[in-house]
Amino acid sequence: MSDPTKVLAPEHRRLRIGDAWRDAASGATFAVEDPATGKSIAEVADAGVVDGLAALDAASRAAAQWAATPPRKRSELLTATYRALTERSEEVARLITLEMGKPLAEARAEVAYGAEFFRWFAEEAVRVEGRYSTAPPGGYRILTVPKPVGPCVFVTPWNFPLAMGARKIAPALAAGCTTITKPAAQTPLTMLLLARIMQEVGVPPGVVNVVTTKRSGEVVSALLADSRTRKLSFTGSTEVGRVLLRQAADNVLRTSMELGGNAALIVCADADLDVALDGAMVAKMRNIGQSCVAANRIYVEEPVREEFTARFAERMAALSVGHGLDDGVDVGALIDAASVTTIDELVADAVDRGARVLVGGKRPDGPGHFYPPTVLTDVPDDARMLAAEIFGPVAPIISFTSDDEVTAKANDTEYGLVGYVFTRDLQRALRFTERLQTGMLGINRGLISDPSAPFGGVKQSGIGREGSHEGILEYLDLTYAAIDLP
């Protein structure tokens, strides 16, 4: 197999700050590994606080000029980024697979998905509107003017190394904000390649800065403590999100938080089982189950539990596991050894409490961070995996007998990101829509992510929305002027 890292020259594996690619001030670097082999594939700069603040310097210097750039020009640059990503899809996808582990087909889908955020927000850039109206008592006018919030700090995860950055950078640039992105240390190469592409299409220096580091806590803390930072957007665990929210409070920063999930997927007895099986496979196994919107708990109504379980287990058993760049692979490597250990412990805990393993359930020997597609049944309510975010290819199946019962179980979690319901009864679907405590819901559909839709959760799954028209509003402040006009 060819080396996908060659698409990113050594000079572009450094920090992107202002108009330069530069080493960390300390000269430190860290290794990026291929999770399918455990071997190092590249060295990137390991930024410290001084580097993070240098990126903020660059973003601050560029802020006024970028905010004053005509919306049409900003739109054209976003469109150019969309086109460049589309044209270079294969090389970007291969890099994603190499550093993150997902199968190449899924990496290609991520590139298409991530590119769409640039196209969508290119269209939104020219539709930012205020209003002018007569005040109800008369005598003056009301004028509202939307303005970019200012320099933004983005902390992005490893599971979608292109798309999660695109989902933040695109609306920020559309609104007229400058950005500093701190990608996950496991997958920095994809974000560096995106920064290179955006440089090539003509995005001005200082608008898109990328700081790679293994010292995330100290670097991000310094950025949030600086009064020039005006916005934080984070995608990651609820635990880290709580920490960042506390830090952001000191400067009263605008925040967007896309945090953890514990999605329930509900299969009703009246569902089309073929549709439900297709949807469950997507909702559970997309990205090897390493997704905040992955189906974590599969509830199946008792009359169809046996048939659904048998057919679902058969599909899971048929999936092939291997290096994501190899032909015919359905399930790639998990991100690291710690992830495999966590999943193995969750499965063991469920089995100790009475669950039965139908497929998989055994950690394989050999190199790489692999875990087989796994299906468990008779999973008791006190199993740890029903409360934790599994983040892997493990599917617990639980039966239910009434809508009230399954709604109570689905809502019995601190999370509220997404749920899935499969039923042919429209009224039943609408009742679930109103009663389930989630920010998003898939009805007879296992894939809900779309740049044109508002992505986000309730409860401890997050604050704000990404994508759709709502996504650009997260990057705009509003000035109201009262104009005397008798």
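## Terms and model

Two strands count as paired if DSSP finds at least two bridges between them. Strands (E, at least two residues) and helices (H or I, at least four) are DSSP runs, numbered from the N terminus.

This is a predicted model, in which local features need pLDDT of at least 70 and side-chain atom pairs count only at pLDDT 80 or more, while totals for chains, interfaces and linings use all residues. Residues are numbered from 1 along each chain as its sequence is written, and side-chain values use heavy atoms, with hydrogens and water left out.

## Annotated domain

UniProt lists residues 21–478 as "domain: Aldehyde dehydrogenase" in an unreviewed entry. Positions from that record are given in the numbering used here, feature names are shortened, and annotations may be inferred rather than shown by experiment. Over residues 21–478, the chain is 41% helix and 20% strand.

## The β5–β6 hairpin

Strand β5 (residues 131–134) and strand β6 (residues 140–148) run antiparallel and are joined by 4 bridges. Arginine 131 has threonine 144 in β6 as its bridge partner. The hairpin has 5 residues between its strands, and glycine 138 takes a positive phi near 75 degrees.

## The seven-stranded sheet

An open sheet of 7 strands shows mixed pairing, in the order β14-β15-β16-β13-β12-β17-β18. Its edge strands, β14 (356–359) and β18 (440–443), each pair on one side only. On average, neighbouring strands of the sheet are turned by 25 degrees against each other, direction ignored. Glycine 419 has leucine 441 in β18 as its bridge partner.

Helix α11 (residues 337–352) lies across β14, β15 (374–377) and β16 (394–400), at about 25 degrees to β15. Helix α12 lies across β12 (263–267), β13 (295–301) and β16, at about 145 degrees to β16.

## Nonpolar cores

A nonpolar core is a set of buried Ala, Val, Leu, Ile, Met, Phe, Trp, Tyr and Cys residues joined through side-chain atoms within 4.5 Å. The largest core has 64 residues, of which Phe118, Ile169 and Leu173 touch the most other members. Helix α4 (residues 104–125) gives the largest share of this core, 10 residues. A second, separate core of 60 residues includes Ile266, Leu273, Ala280 and Ala295.

Beyond its neighbours within four places in sequence, isoleucine 169 is in contact (heavy atoms within 4.5 Å) with Phe118, Phe154, Thr181, Met191, Leu194, Met198 and Val208.

Glutamate 33 is found in strand β3 (residues 29–34). Burial is judged by relative accessible area: buried is under 20%, exposed over 50%, and partly exposed in between (1.4 Å probe, protein chains only). Glutamate 33 counts as partly exposed because its relative accessibility is 30%. Not counting residues up to four places away in sequence, glutamate 33 touches several residues, among them Gly38, Leu98, Ile335 and His369. Isoleucine 335 is 302 residues apart from glutamate 33 in sequence, yet their C-alpha atoms are 9.4 Å apart in space. The side chains of glutamate 33 and histidine 369 make a polar contact at 2.8 Å. Such a contact is a pair of N or O atoms within 3.5 Å; within protein, one must be able to donate a hydrogen and the other to accept it, and residues adjacent in sequence count only if both atoms are side-chain atoms.

Aspartate 403 is found in helix α12 (residues 403–411). With a relative accessibility of 18%, aspartate 403 counts as buried. Aspartate 403 touches Arg428, Phe432 and Arg435, leaving out residues up to four places away in sequence.

Conventions
Axes are lines fitted to C-alpha atoms, for helices over the stretch in contact, and angles run from 0 to 180 degrees between N-to-C directions.
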